[in-house]
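User: Hi! I'm new to this one, could you walk me through it?
Analyst: Happy to, let's bring it up.
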Amino acid sequence: MIILGTAIFILTYLAIAFEKKIKVDKTASALAGSVLMLLTVLKEHGQNTGHSQFSAWNQHADFDVIFLLAGMMVIVNALRESGVFQYVAIKCAKLGRGRPLPILALLLVATAVLSAFLDNVTTVLLMAPVTLLVAAELKLNPIPFLIPEILASNLGGTATLIGDPPNILVGSTASKIFAYTPNVNFDFVSFMKVMSPIVVIVMIAFVSVIMLVLRGNMNVTAEERARIMELDEIAAISDKTRMWVGLIIMLITLSGFMLHSLIHVEPGVIAMGGAALMLIATRADVEESLAKVEWNTLFFFIGLFVVVKGASAIGILSFLGSKLAEMIGNPTAIAYIAPIVVLWISGILAGLMNNVSFTLAALPIIESLAENFYGLGSTGAIPIQAESMYWALAMGACFGGNLTPVGAAANLVVINIAERNNKEISWGKYLKWGLPTAFGSLLLATGYICLFVYFHHPY
Amino acid sequence: MKLSNFISNQFVLTGASAKTLEGGKNQLVELFAKHTEYNTTDIIDAMTARENLGSTIIAPGIAFPHIRESFLKDFYVIIGCFPEGLPAKDHTEPVKLVVFYLVPEGKSNLYLRVMAAITRLLSKPDGIEKLIQQKSSNSLIDYIKKNDIPVGEIVTARDIMNTNYTFLESKATLREAADMFVSTNTADICVTDDSGNFLGTVTTGRLLKVGIPDYLLMMDNLSFLKTFEPFQDLLKKEQSMNVIDILKTDTPAFQPDTPMIQVAGKLVDGHNEFGVVLDGKKLIGTITKLDFIHKVVRV
């Protein structure tokens, strides 16, 4: 059964990694893998004893994550229809007074900020078309706008619990693992406290380098600048009432996230509450709103949760964890080394194989690593020292998503949009930007993790 | 059921003549009124009202006037042959054959089936000429009997399709397509290969899309954009791009014997305005939603 489970796990991950080559959508592969796991490994290991096959899905998939994603999708789609995001993108272009570099800087900051609170794919879907328009009006090559925008989206998403799927996964799992460990939290506020500072640092460095690299390369005429100033951002808002109602509900939802650990309500419940409120308050066509939910993404998560649960059940992930622990060595001597190793391995592997798939598989490995290093406390709780490895995983997976075109979902979405507009972003073109950004941000994160360990868990 | 069973020799006028098409049609109305209890004025009023909606000349030299009225108790077909021709307004070729259909409410399907059978009769080699040259009503009925045209049990795609469609070959340029859209005033043009096999359709939407960048179509709202000039790309590419490059390949396709309900269902449910009728792969006709309105809803 171990061989069978390992084969299902590896084949599913390979199918996901090579979805374009084998022409099988990654969601279909994840669902197929999950069904095979349920019929073999998870059945054999008694993981679903006393449960029907139907409730097995519920048992193995993390529905806090699924509902959090679904709820945010509904909220953002409803808000999107008001035109507010298009307004923001056009406003950035106009604030830059039609000058390419200031426009790019503002678009990057806006993308990062929006990504922190919306999912990255939605953000780039909103920003990329306006960016292409701005580049066309300025008669500039849009690639130096689009690739940095992808990178900014992945960087910005790192800042919050809801910004990037790896953070949602780390937050949900780590909250449960550290539930009995005092002074350790992986709630929305903790993510803001721990992740935002490094994101701000990385963003400042990133935007500065981009400005330096592109200075002098983007010259436009007064007429072209004037065309940008002709854009009427106010007209982009198609429904003011919906915009204000949507923004208020978004604010209420974000406040709910900030308070969720105090009021003991899971983020998934808060997101769905916000979604329900949005549907009621905007009198939205529910059928149409739900049709816009990215079901493909949700089912990908559900399938992958089960595949990873199967792999955990046969112990291959904990085995990998213990092997990694052996390689790293004595935990007391490597208080700094463990999170740094996690950060870099996560960064590179997430970039190579897609950060969501990687994070899901990495979580049980990190748990095993933590147990190997620090053992379980008297209450069975994971010791506080293991906390830094989870933050390192979140940073590594999110920053690593920038490494290659397949590192994160937003990368492929923008590449596809560029292609549809006759602008090819090849692997080579992408890597010129992605590689230095990913390694640069991982380097800055290394220093940040060391400071985190130094101040939080001194040995 | 045979076509000859629907045509009574008392409702056939052969070797007739009149100065105008209107005059010819009035002769048919009088013939009909003479053998029935219906009032000539009622019939002419109904026919005029229908004519006001559009010409009923379906092909050069042939007119199919028709009325659908609740006062009609049965379905009637009246045939008038005018060998010398009837001058018709806006048509260069005089009308030599007038087939007048009087349809009671609820008999639209029968009308379509009979009309399709008559069309099949006329499409035989020299079918129109032979019919027009008949010397008497009895010989005309005999001619129809001899040809043994069946009236189908159900209305099929063949019965409602347009055979007078426009098409382009796959090598045609976008410019040719644009010209054809303008000259024919249609929104869909069929595209075929050299052998007449159907490949797909080119639509006005697809043509215009060439001139609008994809990123603009991704935006929810373009009201913020006032100075952007679309279609520059289209004007640049209209001679270098072929219709095959913008081909729509999911146009609903039907076989000639596909029942009308299935055709209607596909066009209505699938939000398609246009379908094609194929004999194997060969294009033999087109059907639009408007055809249903013209031929079924508003007979």
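User: Let's start with α7(A). What do its buried residues pack against?
Analyst: The buried residues of α7(A) pack against α6 (63–80), α8 (100–117), α9 (120–137), α13 (222–229) and α14 (240–263) of chain A. Keep in mind that this is a predicted model.
User: Which residues of α7(A) are buried?
Analyst: Buried in α7(A) are V84(A), F85(A), Q86(A), Y87(A), V88(A), A89(A), I90(A), C92(A) and A93(A). That makes nine of the 12 residues, so the helix is largely enclosed by the rest of the structure.
User: And how far apart are its end C-alpha atoms?
Analyst: They are 16 Å apart, which agrees with the 16 Å that 12 residues should span at 1.5 Å a residue.
User: What follows α7(A)?
Analyst: R97(A) does, and its phi is positive, near 55 degrees.
User: OK, new topic. Which residues have the most contacts inside the largest nonpolar core?
Analyst: Those are I75(A), A89(A), I366(A), M389(A) and L393(A), in a core of 152 residues. Another core, of 63 residues, lies apart from it, and V99(B), F100(B), V114(B) and L267(B) are among its members.
User: What does M389(A) touch?
Analyst: Leaving aside residues up to four places away in sequence, M389(A) touches A338(A), P339(A), V342(A), I366(A), L369(A) and A370(A).
User: How many residues of chain B are in contact with chain A?
Analyst: 13 residues of chain B are, and they meet 20 residues of chain A. The chain B side has seven nonpolar, three polar and three charged residues.
User: Last one: what pLDDT does chain A average?
Analyst: The average is 88, and 94% of the residues score at least 70.

Notes
Residues are numbered from 1 along each chain as its sequence is written. Chains are lettered from A and ligands numbered from 1 in the order in which they are written. This is a predicted model: local features need pLDDT of at least 70, side-chain atom pairs count only at pLDDT 80 or more; totals for chains, interfaces and linings use all residues. pLDDT is the predictor's confidence in each residue, from 0 to 100. Two residues are in contact if their C-beta atoms, placed from the backbone, lie within 7 Å. Ala, Val, Leu, Ile, Met, Phe, Trp, Tyr, Cys and Pro count as nonpolar, Asp, Glu, Lys and Arg as charged, and the others, Gly among them, as polar. Helices (H or I, at least four residues) and strands (E, at least two) are DSSP runs, numbered from the N terminus. The expected span of a helix is 1.5 Å times one less than its number of residues. A residue is buried if 20 or more other C-beta atoms lie within 10 Å of its own, exposed if 12 or fewer, and partly exposed in between; C-beta atoms are placed from the backbone. A nonpolar core is a set of buried Ala, Val, Leu, Ile, Met, Phe, Trp, Tyr and Cys residues joined through C-beta atoms within 7 Å.
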